[in-house]
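Please examine the structure shown below together with its sequence. The report that follows treats helix packing, a sheet and charged pairs in turn.

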Amino acid sequence: MKKFLYVTLFILMFSSIHISDVYAESDDTSRVYTIVIDRFLNKNKDNDSFDNQNSDYYLPYGGDLEGILNQLDYIKEMGFDTIQLSPVFEMDDSDILGYSVTDYTKIAERFGGEEKFKDFIRKAHDKNLKVIVDLPTTATDEFTALDRPNMTPIMEEYFDLIDRQFIDFNNEENRQKYKKLMTEFVNNFDIDGVSMYVVQNVDRTEILPDDIKTYAVVLSENVDATNFDYTAYDSKRKSIAEAFGGLDKDIPEYTNSEEILMADHFFSARFTSYSVKNNLFPGTRVKMLYPYLIAHDGPVFVTYGTEIAQNGDNFETIHPQMNLWTDKEVHEFMKTTAEVFTQHPNLFNRDTETIVNDHGLYTVLFKTDDVDFILEINNTSETQKLEITNEYVKDGKELSGLLLGERVQPHGNSLYPVIDRELTELFAVIESPGLNHWYLISSLLIFGGFAIFIFIVAKRSKRKENA
């Protein structure tokens with residue numbers, strides 16, 4: 001009996017060990033929730049730069065770091081381990097995004113100032129959340145301006161509104177000044193990374209400190225962003241948004257772990273706008289997109305409000321105030337999906353092999369040293385039945401659905417998963433259990449014992465009747 005108790009205690013001790021809240025990092029698998037600070041939540045009205053009583057879209061709504069601090073658990077629940085903040089430097093009072101920098105050496109008072117920024121970073125770290133800050137490259141008085149930046153139309157609209165230009169990094173003096181300012185910024189604050197919208201050819205080693213992770217969003221195929229640790233390309237972002245915003249379109253394949261995947265960003269149309277144009281239900285499209293994104297073995301960026309299907313395709317509509325209302329069904333799906341991926345961190349140390357990618361049906365095999373996985377996305381207009389041969393899954397294996405709960409057993413030498421339209425499933429490839437002998441024996445003992453008990457009771461009753 002004592003031996004049994006010791007074994008049970010041993011199992012309970014190790015089963016209670018919790019996998020880290022952040023994903024396993026074979027390289028960088030940060031799941032990044034990107035926030036425009038002014039549009040998230042106004043917690044402290046005393047630091048507002050404008051009294052925007054009429055909710056004029058082109059004026060600040062008063063969002064601040066304190067407002068984000070109050071929702072760190074909400075952000076973590078959806079599976080994010082990193083927060084990307086829009087620019088935090090002192091800016092024009094009327095700016096809503098933060099790129100109209102007036103002083104690169106000061107933190108905006110309207111967000112809480114330097115002390116609140118340090119407090120925010122410290123409390124985020126206490127929650128095992130990393131912090132990335134987006135760095136503007138806006139020309140202030142000490143810099144010369146770039147002639148022809150490569151921007152998206154939405155970025156052009158915004159920069160016309162704030163009447164600002166970009167720093168010309170072709171100029172060596174500009175590069176040195178900017179690197180000095182950003183090095184001081186990184187040294188002063190315990191942030192985990194910096195990001196940048198790149199509008200010109202640039203070598204990051206010449207403008208950014210060396211001891212910080214760097215993330216670039218490249219807005220044009222004509223731009224070369226050299227030496228950034230991780231890079232997102234707007235062309236890839238658009239292809240993802242178009243594929244998941246419509247039906248029967250080939251889905252962009254996973255490439256490498258140095259690529260950032262995203263469906264929208266601060267200067268693009270919202271992902272939801274693509275599904276609205278195609279008369280598709282936005283919540284369903286988000287629930288298809290999210291597993292695809294977080295199955296990537298590199299960084300993933302998701303813009304605030306995606307969980308409530310915020311819409312918009314121009315600057316005037318893409319950044320409404322969050323106000324923290326939510327689509328409970330989508331939020332719960334994101335939460336459950338994140339939990340599944342957190343429970344299987346080995347999934348991100350894998351080799352990837354595409355089984356099929358044909359007009360919206362995308363099935364990919366993730367091979368790991370432990371359990372293999374199959375991600376199946378049916379972004380077509382009808383139910384799909386796929387044959388997976390023993391070329392991909394060995395004989396004697398079956399599929400166990402981790403998101404939808406489907407179980408697929410082998411027939412002959414193949415598996416035939418069936419998935420309804422507009423659904424995504426992640427399968428674990430497991431050993432087929434066959435006949436559970438212990439379950440059968442225990443069932444026989446239970447039912448056999450019950451039958452004997454009934455027999456004895458009946459026999460005793462009969463004896464009493466005859467007495």
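The buried residues of helix 10 are covered by elements that include helix 3 (72-77), helix 9 and strand 21. This description rests on a predicted model. Among the buried residues of helix 10 are Val330, Phe333, Met334, Ala338 and Phe341.

Six strands form an open sheet in the order 12-13-14-21-17-18, and their pairing is antiparallel. Strand 12 (351-358) and strand 18 (407-408) are the edges: each has a single partner strand, and therefore one side of each is left without a neighbour in the sheet. Strand 18 is joined to strand 17 (residues 397-401) by two bridges, and the two strands run antiparallel. Here Ser400 stands opposite Arg407 of strand 18.

The next topic is charge. Side chains of opposite charge can pair when their charged atoms come close. How many salt bridges does a search of the whole structure find? The search finds 25.

| Pair | N to O distance | Accessibility of the Arg or Lys residue | Accessibility of the Asp or Glu residue |
|---|---|---|---|
| Arg204 and Asp229 | 3.5 Å | Arg204: 5% | Asp229: 31% |
| Lys236 and Glu259 | 3.0 Å | Lys236: 13% | Glu259: 9% |
| Lys397 and Glu431 | 3.2 Å | Lys397: 23% | Glu431: 54% |

Arg204 and Asp229 form a salt bridge. This pair links distant parts of the chain, 25 residues apart: Arg204 is in the loop between strand 7 (202-203) and strand 8 (213-218), and Asp229 in the loop between strand 9 (225-226) and strand 10 (230-233). Arg204 is buried, whereas Asp229 is partly exposed.

In the salt bridge between Lys236 and Glu259, Lys236 is buried because its relative accessible area of 13% is under 20%. Glu259 is likewise buried, at 9%.

The salt bridge of Glu431 with Lys397 connects strand 21 with strand 17, so it ties together parts that are 34 residues apart in sequence. Glu431 is exposed and Lys397 partly exposed.

Finally, a network of salt bridges links Lys116, Asp119, Arg122 and Lys123.

Terms used: Residues are numbered from 1 along each chain as its sequence is written. This is a predicted model: local features need pLDDT of at least 70, side-chain atom pairs count only at pLDDT 80 or more; totals for chains, interfaces and linings use all residues. Side-chain values use heavy atoms; hydrogens and water are left out. Two strands pair if DSSP finds at least two bridges between them. Helices (H or I, at least four residues) and strands (E, at least two) are DSSP runs, numbered from the N terminus. Buried means under 20% relative accessible area, exposed over 50%, partly exposed in between (1.4 Å probe, protein chains only). Contact means heavy atoms within 4.5 Å. A salt bridge is a side-chain nitrogen of Lys or Arg within 4 Å of a carboxyl oxygen of Asp or Glu.
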